[in-house]
Amino acid sequence: MGTLVLCGLAGALAVFALTRRRLLLGVIGVGAHSLALAGVYLFLSAPDVALAEASIGFGLVTFIFLLALRRSGRLVVAAVECFPLLYQEGDRPAGLEWEILARLGDRLHREVHVLWVCRGDVSGALASGEAELAAGGFLVRSDPGLRLSRPVVPTRLVEVAVGPGRRVVLAHPCCEALAQSGDLRCEEPEELARALCSGEACRAVLDLLTFRELGLKGAWPEENCAIRVLEDPLAYRFAVALDAAEVHQALEELLAELEDRGVLADLVRRYLG
Amino acid sequence: MEAQGALALAIGLVGLGLWTVLVRRNLVWKLLGLNVAGGGAILFLVALAHREKAGPALEGVPGPHVDPLPQALVLTAIVIHFAVLALALVYVIFLSERRHTQDVRKLEETCPTRWPES
Amino acid sequence: MKVLGGLGIVGLVVLLVWLTWSCFPLGELPPWEEATAAWGSKNAVAAIVLGARLWDTLFEVLVYALAIAGVALAAGSLGTKAVLPPLPETPLLHLAVALLLGPIGVFGLYVAVSGHLGPGGGFPAGALVGSGLLLLALARGTRGLTPGWAGGAWETGKFAVTGAILLLGLGVLVLGARGEPVLVGLNVLIALEVALGAWVVLREFAHVRGEM
């Protein structure tokens, strides 16, 4: 009877382990399965085999699998679509930041997996451990819940004025700091352009890149608008989750190296003109 | 009855492990599947050695005994299994350090014409 | 392709079930007590592993050592580029290891020495000692524990192979010899070899993937 119960347990554990998506759960499940299997051997009157299986199958094999898993697997990036920096080309990601991410993946020997999210979900994805890295026009100056990389692409905030009147602010952590009461807030750049076109607002605060992108798309109401550059220089950066110290360190080293070799300037010229 | 149950489990484990080797594209998953299939093979031999209400093959144990020969065979097999698995895992680590992926499809796609320089 | 493979696996399972079904009921076993006692053993498994099938065992040990040497060679050619930061000190683990290591070692030795009297033998004993070493490596890291003369990656693997070849030679010398001292000696040597191999594997993996 005991044999059959342990057999069922071992079989169930094997099925559980091999149907998981996460490799870590699979390895731990197979370790537990080996222990149950050692119990089956004991009930089948093979104590020598049970002893060997318990110490090798459960101890050593599980452990070398865990060590082999370490520093491998997928590097999940929470990405926001942001045209020249990070965008989808067909079903593949492309853009300036993607070039850096691909190099980072090679450096860490991990496959970069891009998870497309909207801007509001980025910090949640980083905090929950769903993603280790966030990319796509990240403009935060400082955030206690994140590690920020060194500046990748410098930029500025601009105020575009079509005439005097109400102001609209892009809902971006950096732009929002400038928001005053009575200002409109827009989640998406297109929404902002629409607000300007419809005359709902006359002035807009946004970053240079979004401004340029909207201009390229022809979403702008007038050609001759007054542009005022606001505030001190800013930069697009990557954001790394707090517990991914190793990724952060590798990213910093990679960026410093790219800067030294002039690759970064090359990339900026190629993608941003 | 016990031997039949264990035999069924052993055959199931072999099938499950081979199925994992077939469908998973990650090399570590394939090795996990192979590990389970190997466990199934060992269990198969141990279960075949079992007799109804038999005790271990030791002197001084009353009643019927199990067949000691398959047990002696699998005893060494378990240890060899560990060493060979470690060797396979080192090669997987080697691949993921040099080719940056453990996915067999990607490995085939990006197959270099010559071995990359270290 | 996947469908064909799936069909193949189903066919294999059906074939296995059919063939095993036909071998029931299993036949009676011949008496083995006398043959086992002639080898100086009370455990039939030990008598087979170390007596009747000693050639088999010795070459299994050689295969084991060659696989270990392969691990050492491949890991050595990888080299280490990034060194992980050491894990924080864990007093609980240190205490647990200090308490457990002695009993594990003694139990491993007991299992090896009494392998011909009861359940046990060289292979389980070596695996047990290997698990103990794993525990030790978890608490104190592998690098500080390897003696200086066993430094390089390939060097450590070479010890495993040398041990196996010595064991092989000794095994050939005692081939056909009977009696308790032979069994005990072979069991202890096999245990040493297996534990050494496990240590090499742990050390190389920790070397490539960062300390535990």
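**Interfaces, helices and salt bridges**

Me: How many residue pairs are in polar contact across the interface of chain C and chain A?

Reply: The rule finds 3 residue pairs in polar contact there, with both residues at pLDDT 80 or more. Keep in mind that this is a predicted model.

Me: Which elements of chain C are on that side?

Reply: Helix H6 (122-140) and helix H8 (180-209) of chain C each give two or more residues to the side that touches chain A.

Me: And how many salt bridges between chain C and chain A?

Reply: The count across that interface is 0. The area buried between the two chains is about 1,800 Å², and carbon and sulfur atoms give 69% of that area. In residues, 26 from chain C are in contact with 17 from chain A.

Me: OK, now chain B against chain A. What's the buried area there?

Reply: About 3,600 Å² is buried between chain B and chain A, with 74% of it from carbon and sulfur atoms. In chain B, the residues that lose the most area to chain A are Trp29(B), Phe82(B) and His100(B), and together they make up 17% of what that side buries.

Me: Which helices of chain B touch chain A?

Reply: Helix H1 (2-23), helix H2 (27-49) and helix H3 (68-98) of chain B are the elements that give two or more residues to that side. Between chain B and chain A there are 6 residue pairs in polar contact, both residues at pLDDT 80 or more, and 0 salt bridges.

Me: Salt bridges then. How many over all chains?

Reply: The structure holds 11 salt bridges over all chains. One pair is Arg270(A) with Glu99(A), at 3.8 Å from N to O. That pair links distant parts of the chain, 171 residues apart, with Arg270(A) in helix H10 (residues 263-272) and Glu99(A) in helix H4 (residues 96-108) of chain A.

Me: Is Arg270(A) buried or exposed?

Reply: Exposed, because Arg270(A) has 55% relative accessibility.

Me: What does Glu253(A) pair with?

Reply: Glu253(A) forms a salt bridge with Arg107(A), with 3.5 Å between the closest N and O atoms. Glu253(A) lies in helix H9 (residues 245-261) of chain A and Arg107(A) in helix H4 of chain A, so the pair ties together parts that are 146 residues apart in sequence. Glu253(A) counts as partly exposed at 39% relative accessibility, and Arg107(A) does too, at 28%.

Me: What about Glu257(A) and Arg107(A), how far apart are the closest N and O atoms?

Reply: 2.4 Å, in another salt bridge with Arg107(A). Salt bridges that share partners join Arg107(A), Glu253(A), Glu257(A) and Arg261(A) into one network. Glu257(A) is partly exposed, with a relative accessible area of 32%.

Me: Switching topic: which residues of helix H7 of chain A are buried?

Reply: In helix H7 (residues 189-197) of chain A, those are Pro189(A), Leu192(A), Ala193(A), Ala195(A) and Leu196(A). They lie on the same side of H7(A) because they cover an arc of only 160 degrees around the axis.

Me: What covers them?

Reply: The cover over the buried residues of H7(A) includes strand S8 (167-170), strand S9 (184-186), strand S10 (203-207) and helix H8 (208-217) of chain A. After H7(A) comes Gly199(A), with a positive phi near 80 degrees.

Me: Last one. Which way do strands S1 and S4 of chain A run?

Reply: They run parallel, with 6 bridges joining S1(A) to S4 (residues 111-116). Arg74(A) has Glu111(A) as its bridge partner in S4(A). S1(A) also pairs in the parallel sense with strand S5 (residues 133-138), over 3 bridges. There, Val77(A) stands opposite Leu133(A). Strand S1 (residues 74-79) is mostly covered, with 5 of its 6 residues buried.

How values were computed:
Residues are numbered from 1 along each chain as its sequence is written. Chains are lettered from A and ligands numbered from 1 in the order in which they are written. This is a predicted model: local features need pLDDT of at least 70, side-chain atom pairs count only at pLDDT 80 or more; totals for chains, interfaces and linings use all residues. Side-chain values use heavy atoms; hydrogens and water are left out. Buried means under 20% relative accessible area, exposed over 50%, partly exposed in between (1.4 Å probe, protein chains only). Helices (H or I, at least four residues) and strands (E, at least two) are DSSP runs, numbered from the N terminus. Two strands pair if DSSP finds at least two bridges between them. The arc is that of the directions from the helix axis to the C-beta atoms. Contact means heavy atoms within 4.5 Å. Buried area is the accessible area (1.4 Å probe) that two parts lose on being put together, summed over both. A salt bridge is a side-chain nitrogen of Lys or Arg within 4 Å of a carboxyl oxygen of Asp or Glu. A polar contact is a pair of N or O atoms within 3.5 Å; within protein, one must be able to donate a hydrogen and the other to accept it, and residues adjacent in sequence count only if both atoms are side-chain atoms.
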